[in-house]
Amino acid sequence: MDAELVQRSKEIRQRLTQLGDSLDHAGKIDQIKAIELKMGEPGFWDDNESAQKVIMDLKGLKAIVSPLDELTSSAGDLDALFEMADEDESMVGEVSGEVARLEKVLDDLELKALLSGPNDSAGAILTVNARDGGTDANDWADMMLRMYSAWAVASEYKIELLDRQENEEAGINHASIAIRGPMAYGYLKGEEGMHRLVRISPFNSEGKRQTSFAAVSVSPEIDDSIEIEIEEKDVRVDTYRASGAGGQHVNKTDSAIRLTHIPTDTVVQCQNQRSQHQNKATAWKMLRAKMARREEELREAEDAKKHETRARTGFGSQIRNYFLHPDQRVKDARTGHYVGSFNSVMDGSELQGFFDAFLRLKAGKV
């Protein structure tokens, strides 16, 4: 058998052992068993919201454990393949292909292991705001919202629209969505910042090239079990009339809610629920998420003092450039990750590559 293939198979096993330890594979199996027992208890579904959270936790655990188990099993089958290849040289190509496949799966799992932040396993609250560029920026913000939604659907994540304000001419002024699924926040938090689009403007009768900007902010969707200190006296509550689609009820009542955390000047708003009460509850959830993100940023700032190569994720930094003119391409300003097809990024199919590249950069893997 080829000595290089034998060495690569040994490295796969070594990496697999290290990965299992770093991910606490045995501990996660115990957690899965405990959750499955809990789901079998009478009354589990009485509190649907709590039950859904438990199911989401289970999916997150299985998203790590199942691929790791499959990889361990496949790695164990390599010995039998090697024996077969020793007896039949025509099998060497098949063995080589299987080793390469296992290395790829292992690379992907090692990438998931980088999602080890305190809130990385949580869902994400993602907000897109139109910035400079007039109507083009409003249209661009709407395009970006569809891009993240397409990625979420393809990843089998759940999406909930929390807030959306239409622009009178085209697109949106801003919108917020919740994206729920395993490691949603861990993947999406690197998207925070300014996104720049260059194209021939469809809103300019002279067909001139236009540069427009949209700003993305991402916060972890945290549950009530996580303590976030917010004094009610520090929060100003404003009500206003909801805008956009929603029927007569929405347009005739002050059902929309805006919360302002005065000490930090953090603002959230919600107008997409049916009642002021529901909008207020959702807005408080969004505010808690924003404050959790703020705490995380403070920790990241402390780490940045120790590691000067940390990637910048500040809200005002331009992180990615999207081009429709003079050619179609998308390039990340931080990682250098490049895709030569604008549409394949916007339809979500090649967006994951940008997430992965940022994770590697953050972990010092590039």
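Two strands count as paired if DSSP finds at least two bridges between them. The legends below describe a predicted model.

**View 1. Pairing of strands β1 and β3.** In β3, H174 is the bridge partner of N129. Strand β1 spans residues 123-130 and strand β3 spans residues 172-180; the two run antiparallel and are joined by 6 bridges.

**View 2. The open sheet of 8 strands.** The strand order is β2-β3-β1-β5-β4-β9-β10-β11, with mixed pairing. The edges are taken by β2 (158-166) and β11 (338-339); each has a single partner strand, so one side of each lacks a neighbour in the sheet.

**View 3. Crossing of helices α2 and α3.** The axes of α2 (residues 25-39) and α3 (residues 48-76) come within 10 Å of each other and cross at roughly 140°. Angles over 145 degrees would count as roughly antiparallel; α2 and α3 are therefore oblique to each other. Their crossing is left-handed.

**View 4. Residues in the contact of α2 with α3.** On the α2 side, the residues are H25, K28, I29, Q31, I32, I35, E36, K38 and M39. They meet V54, I55, D57, L58, L61, K62, I64, V65, L68 and D69 of α3. By class, this contact of α2 with α3 has 11 nonpolar, 2 polar and 6 charged residues.

View 5. Of the 366 residues in the chain, 45% are buried. Among contacts with a separation of 6 or more, 64% are between residues 24 or more positions apart.

Key:
Residues are numbered from 1 along each chain as its sequence is written. This is a predicted model: local features need pLDDT of at least 70, side-chain atom pairs count only at pLDDT 80 or more; totals for chains, interfaces and linings use all residues. Side-chain values use heavy atoms; hydrogens and water are left out. Axes are lines fitted to C-alpha atoms, for helices over the stretch in contact, and angles run from 0 to 180 degrees between N-to-C directions. Helices (H or I, at least four residues) and strands (E, at least two) are DSSP runs, numbered from the N terminus. Angles under 35 degrees count as roughly parallel, over 145 as roughly antiparallel, 65 to 115 as roughly perpendicular and the rest as oblique. A crossing is left-handed if the near helix is turned anticlockwise from the far one by less than a right angle, and right-handed if clockwise. Contact means heavy atoms within 4.5 Å. Ala, Val, Leu, Ile, Met, Phe, Trp, Tyr, Cys and Pro count as nonpolar, Asp, Glu, Lys and Arg as charged, and the others, Gly among them, as polar. Buried means under 20% relative accessible area, exposed over 50%, partly exposed in between (1.4 Å probe, protein chains only).
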